[in-house]
Amino acid sequence: ASTTIKFALFSALTLLSLQAVVSVTPLHFQHPLDPLTKEEYSLVQKIVLHKYPKVAFHYIGLDDPEKDAILKWESFKPSVITIPRKAFVIAIINHQSHEILINLRLKSIVSDTIYTGNGFPTLSVDEQSVAIELPFKYPPFIASVKKRGLNISEVVCSTFTMGWFGEEKSTRTARLDCFMKETTVNIYVRPITGITIVVDLGLLKIVEYHDRNVEAVPTAENTEYQLSKQSPPFGPKQHSLASHQPQGPGFQINGHSVSWANWKFHIGFDVRAGVIISLASIYDLEKHKSRRVLYKGYISELFVPYQDPSDEFYFKTFFDAGEFGFGLSTVSLIPNRDCPPNAQFIDTYIHGADGSPIPLKNAVCVFEQYNSIMWRHTETGIPNEFIEESRTEVNLIVRSVVTVGNYDNIIDWEFKASGSIKPAIALSGILEIKGTNIKHKDEIKEDLHGTLVSENSIGIYHDHFYIYYLDLDIDGTHNSFEKTSLKTVRITDGSSKRKSYWTTETQTAKTESEAKITLGVAPGELAIVNPNKKTAVGNEVGYRLIPAIPAHPLLVEDDYPQIRGAFTNFNVWVTPYNRTEKWAGGLFVDHSHGDDTLAVWTKKNRDIVNKDIVMWHVVGIHHVPAQEDFPIMPLLSTAFELRPTNFFDRNPVLKTLSPADVVGC
């Protein structure tokens with residue numbers, strides 16, 4: 001049954017504004033982009049195990065349906081068109097990587113291919129759990145701990161991927177770093193420095209071990225972040241705020257489909273990508289129809305290269321989505337902490353190495369955020385009149401948190417009634433610390449490759465490069481990419497008292513090479529436009545990218561980590577849509593050689609004029625740690641905006657009412 005809140009005062013126009021109808025409706029059919037269900041995971045497990053009794057599942061996900069089929073389905077819904085559900089599996093069987101496609105309706109394997117290229121699948125949580133216990137049965141490690149005067153019962157270890165550094169052939173190996181947990185759970189700030197442990201993930205045994213030098217283990221003092229373990233005084237003091245929506249939430253969640261204000265979209269979930277936003281369309285009040293903006297968007301990869309070239313750290317050049325899985329690393333959100341009291345939550349499933357479905361409660365939250373001003377003006381220029389108008393802005397947030405080791409990534413998709421989509425990232429968690437005998441900056445005699453954030457503690461310099469996959473379909477699938485430059489014009493003919501002004505010059509990128517953009521070099525604007533649709537006054541409808549503060553890679557292009565992370569060489573890329581080109585760092589990222597990346601695909605230099613195109617945007621942070629980041633880091637945020645540019649004929653929220661002006665019954 002559904003509960004509907006109606007507003008007596010308003011017409012259908014108002015109902016499509018911020019005060020949308022609220023309804024909790026049961027899911028009557030499965031959306032073709034819904035994540036795999038518990039039953040589907042179990043079915044995949046059963047089908048594969050029937051053929052291969054011994055198998056390790058490293059990826060199970062929905063095989064992307066053909067885009068044309070999805071668009072037709074959306075037009076006619078399931079009464080006319082049904083789309084067969086398929087699952088794509090990456091599994092290791094007899095030490096070989098298999099790519100398996102399964103038709104879930106027919107309950108059969110469609111294809112089964114052995115991958116013979118470079119790189120390996122995402123690491124499984126299960127094999128990492130086994131690997132981190134190996135040192136405690138390894139005599140040389142036990143001796144190393146004893147030599148340092150440490151209690152081995154207070155030691156914990158963690159896995160780190162090793163990357164690729166020119167070797168012709170790689171094996172599936174991982175490094176282990178170990179930490180002290182006595183008197184604090186903040187293990188990452190208490191590393192045991194000087195020990196190298198390499199584990200063969202196929203054999204699950206230690207294959208390399210070195211104990212180079214002994215450095216002091218940083219103290220546990222003032223590193224505890226658990227409230228239950230902290231003692232007064234607390235501060236600074238914050239006052240509580242009671243939030244209340246007397247008319248209920250302004251959004252409706254039906255399965256994984258969301259309706260809010262003038263937006264409709266679908267929330268998917270993948271064990272590698274995490275949250276996926278699909279089929280985002282906005283209702284145009286003047287045209288009386290929904291108009292497509294985004295077919296699909298998600299974070300394709302996160303590249304985190306640390307900047308310490310020593311034996312202790314050189315390998316720490318992580319690809320968090322491809323090596324560890326954003327979905328596998330998604331954590332349950334904490335109500336009233338990670339999400340406000342007015343949030344609603346979506347549960348999902350991930351899988352274990354044996355293929356079994358694992359429930360993930362509160363994987364995503366959806367809530368409305370009251371952000372003060374949508375638009376305003378005070379008019380004092382009319383004699384004998386004083387006019388002031390202001391509208392309250394209410395936005396919709398889709399949030400998830402991905403915790404990969406020491407870092408927590410708070411990932412938001414913010415929808416605005418004005419038509420903008422604002423993806424945002426906020427970093428928290430623990431710095432990657434390297435132990436040292438140095439206690440004061442005056443003792444530093446050489447480059448530490450980081451900041452001395454506390455006694456015996458170096459916070460290592462590093463980068464965070466997120467690359468977003470953004471399949472924008474602006475009012476249709478056939479779009480173009482426009483680059484608008486801002487040019488200074490000098491006035492030399494005496495026609496004005498001014499000596500200069502600036503104007504614009506717009507070019508349409510014809511090929512992939514012309515769409516490789518380094519931001520921050522010169523002023524300009526970037527937009528995806530539909531050359532086949534124009535506004536009433538003749539402008540091409542479009543959406544522009546308002547980028548985050550640009551960050552560019554500082555590694556040389558022939559450095560091995562940068563070869564693998566070459567998708568960061570530019571801040572913006574545009575490619576023709578290709579269903580198989582999903583992962584900017586390649587399908588098999590662990591130990592990859594950089595031969596299956598966005599940078600490689602775009603060497604084809606394909607045509608992108610009036611085509612179905614995808615924009616890729618790199619959002620980066622150069623992180624120079626500071627003492628305030630220690631022992632746990634306050635949020636460090638960045639965001640960009642996809643903003644309508646000549647998409648509407650005028651301000652689409654001109655007649656939107658503020659919540660305080662709504663009179664309901």
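**Exercise 1. Identify the salt bridge between R544 and E525 and state where its two residues lie.**

Solution. Step 1: The side chains of R544 and E525 form a salt bridge with an N to O distance of 3.0 Å; the term denotes a side-chain nitrogen of Lys or Arg within 4 Å of a carboxyl oxygen of Asp or Glu. This is a predicted model, in which local features need pLDDT of at least 70 and side-chain atom pairs count only at pLDDT 80 or more, while totals for chains, interfaces and linings use all residues. Residues are numbered from 1 along each chain as its sequence is written, and side-chain values use heavy atoms, with hydrogens and water left out.

Step 1: R544 belongs to strand β27 (residues 540-546) and E525 to strand β26 (residues 524-534), so the pair links distant parts of the chain, 19 residues apart; helices (H or I, at least four residues) and strands (E, at least two) are DSSP runs, numbered from the N terminus.

Step 2: R544 is partly exposed, at 23% relative accessible area, and E525 is partly exposed at 36%. Buried means under 20% relative accessible area, exposed over 50%, and partly exposed in between (1.4 Å probe, protein chains only).

**Exercise 2. Determine which parts of the chain the salt bridge of E40 and R85 ties together.**

Solution. Step 1: The side chains of E40 and R85 meet in a salt bridge of 2.7 Å, N to O. Step 2: E40 lies in helix α2 (residues 38-51) and R85 in the loop between α3 (67-76) and β2 (86-93), so the pair ties together parts that are 45 residues apart in sequence. Step 3: Both E40 and R85 are buried.

**Exercise 3. Describe the two sides of helix α5.**

Solution. Step 1: The buried residues of α5 (residues 139-147) are F141, S144 and V145. Step 2: These residues cover an arc of only 95° around the axis, which puts them on the same side of α5; the arc is that of the directions from the helix axis to the C-beta atoms. Step 3: The face turned away from the buried side carries the exposed residues P139, K146 and K147. Step 4: The cover over the buried residues includes β5 (155-161), β6 (173-180), β7 (195-200) and β8 (205-211).

**Exercise 4. Characterise the surroundings of Y407.**

Solution. Step 1: Y407 is in strand β18 (residues 407-416). Step 2: Y407 is buried, with a relative accessible area of 5%.

Notes:
Contact = heavy atoms within 4.5 Å. Lists of a residue's contacts leave out its neighbours within four places in sequence.
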